[in-house]
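Q: I have not worked with this structure before. Could we go through a few of its residues together?
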Amino acid sequence: MNLFIVTGQVGTLFLLMSIGFVLAKLGKLTQEALPQLSFLLLYVVTPCIIIDSLQVEFDPALFHDLAASFFLVLLSFAVCAVVCLAFFRKENKDTRDTMRFAVIFGNTGFMGFPLMSAILGEDSLIYSMPVFVAFNLGVWTYGVYLMGGKENFSIKKVLLSPPILGILVALPMFFLGIRLPSAIGSTIGFVADLNTPLAMIVIGAQMAAADIPATFRNTRLYTTAVLKLIFLPALTVVMLLPLGLNPISFVAVVILAGVPTAGVTAMFAEQFDRDKEGSAQVVTLSTLISIVTLPVVAVIAEQLGGLA
C-alpha cells in the first residue's frame, strides 16, 4: 500500500514535469527562458525555502539530528567520490569527470524538496536542510574542482552561493528564536511554495531538449544511473542504519540520496566546456528511471526508519 501511495506522489511530480515538456515541445516555453526560471528558483525560491523551513522553535534535539545528518551526508559524498574512482576510467577526461559528478550530486533542491513535501509533508523540509547544505558545499568545492579544475575553485563563491546565504540568514533566527513579521513570513512562504510546480516544469522543459532515443542508446549512462539511483541510497542506508538517527532524519537523508542527477551537472558541463551532450543525457535518463526507483527507495527508507 505504501508503495502505491508513494508511486502516486512521485507520479504527480512527473505529471508536473509533463506540463513543462509539452509546453517546450509546443514552443510556448523556450529553452532561452529556462536559465531565467532556473535563476529564479536558485537565487530567490531556494533561500526562501531555507528561511521558511527554519522558522521553527529551537530544539537542542532537533539541532543534534540536523548536525549529525549534515556530517553523515558529507561523509557519504566523500565515500561515493572514492568509489567513483573505480568507474569510467576508459572514458576521455571530460566524460569521465562529468559522469563522476553526475553520480555524486543529485537533484536535491529542485526534485528532492518537492518529493519530501509530497511524502512526509511540508514540516519535513527542515530535515532536508542538512542534505541541501552539504550538497551545495560539495558542489561548490569538490564539484567545481572536479569539473573546472583548481583554477576555478573559490571560497568566496562558496560563501556567496544563494543556499549558503539563505542558511546564514536563517540559522541565527533559528538559534535565537526570532520570528519574521507576519507579512514578511507569509511572503517568503508563498515564494517557497513556487518550488514544487516551477521546478518540475523547468525539469520537464529541459528534458524536451534532449534526444531521448539517443539517450537510451548510450550504454555508459546506465552505469551512472545505477550508481546514482541504487548504489548511493544503499550506501547511505548502510552508513546510517546502525547510528539510530531520528526516523524522519533517516528517511529524509535516504530519500534525498536516491534523487536523480542534479541539473547543475549540465550547467557545469556548459560552463567548464566538458561533456555537454552526455551531461544533458544523464540528467534525462536518471530522471526517467527514477520514476521506478524513487518509490522503492522511499518505501524502503520508511520501513527501515520505522515510519511505515
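Q: To begin, is Phe101 buried or exposed?
A: The model is a predicted one. In it, Phe101 is buried, because its relative accessible area is 0%, and buried means under 20%.

Q: Which helix holds Phe101?
A: Phe101 lies in helix H4, which covers residues 93–104.

Q: And what is Phe101 in contact with, leaving aside its neighbours within four places in sequence?
A: Its contacts are Val139, Gly143, Leu146, Met147, Val264, Thr265 and Phe268.

Q: What separates the C-alpha atoms of Phe101 and Thr261?
A: Those C-alpha atoms are 8.7 Å from each other, while the two residues are 160 residues apart along the chain.

Q: Which side chain of opposite charge is nearest to Asp65?
A: That is Arg179, at 16 Å. Asp65 is buried yet has no salt bridge.

Q: What does Asp65 touch, not counting residues up to four places away in sequence?
A: Asp65 touches Asn246 and Ser249.

Q: Now for the surface: which residues form a negative patch there?
A: The negative surface patch consists of Asp52, Glu122, Asp123 and Asp193.

Q: Where is Asp52 placed?
A: Asp52 sits in helix H2, which runs over residues 34–53.

Q: Why does Asp52 count as partly exposed?
A: Its relative accessibility is 34%, and partly exposed means between the 20% limit for buried and the 50% limit for exposed.

Definitions and conventions: Residues are numbered from 1 along each chain as its sequence is written. This is a predicted model: local features need pLDDT of at least 70, side-chain atom pairs count only at pLDDT 80 or more; totals for chains, interfaces and linings use all residues. Side-chain values use heavy atoms; hydrogens and water are left out. Patches are made of residues with over 30% relative accessible area and no salt bridge: like charges are joined within 9 Å, nonpolar side chains (Val, Leu, Ile, Met, Phe, Trp, Tyr) within 5 Å. Accessible areas come from the Shrake-Rupley method with a 1.4 Å probe; for residues, only the protein chains shown count as cover. A salt bridge is a side-chain nitrogen of Lys or Arg within 4 Å of a carboxyl oxygen of Asp or Glu. Lys and Arg count as positive and Asp and Glu as negative; His and the chain ends are not counted. The place of a charge is taken as NZ of Lys, CZ of Arg, CG of Asp or CD of Glu. Helices (H or I, at least four residues) and strands (E, at least two) are DSSP runs, numbered from the N terminus. Buried means under 20% relative accessible area, exposed over 50%, partly exposed in between (1.4 Å probe, protein chains only). Contact means heavy atoms within 4.5 Å.
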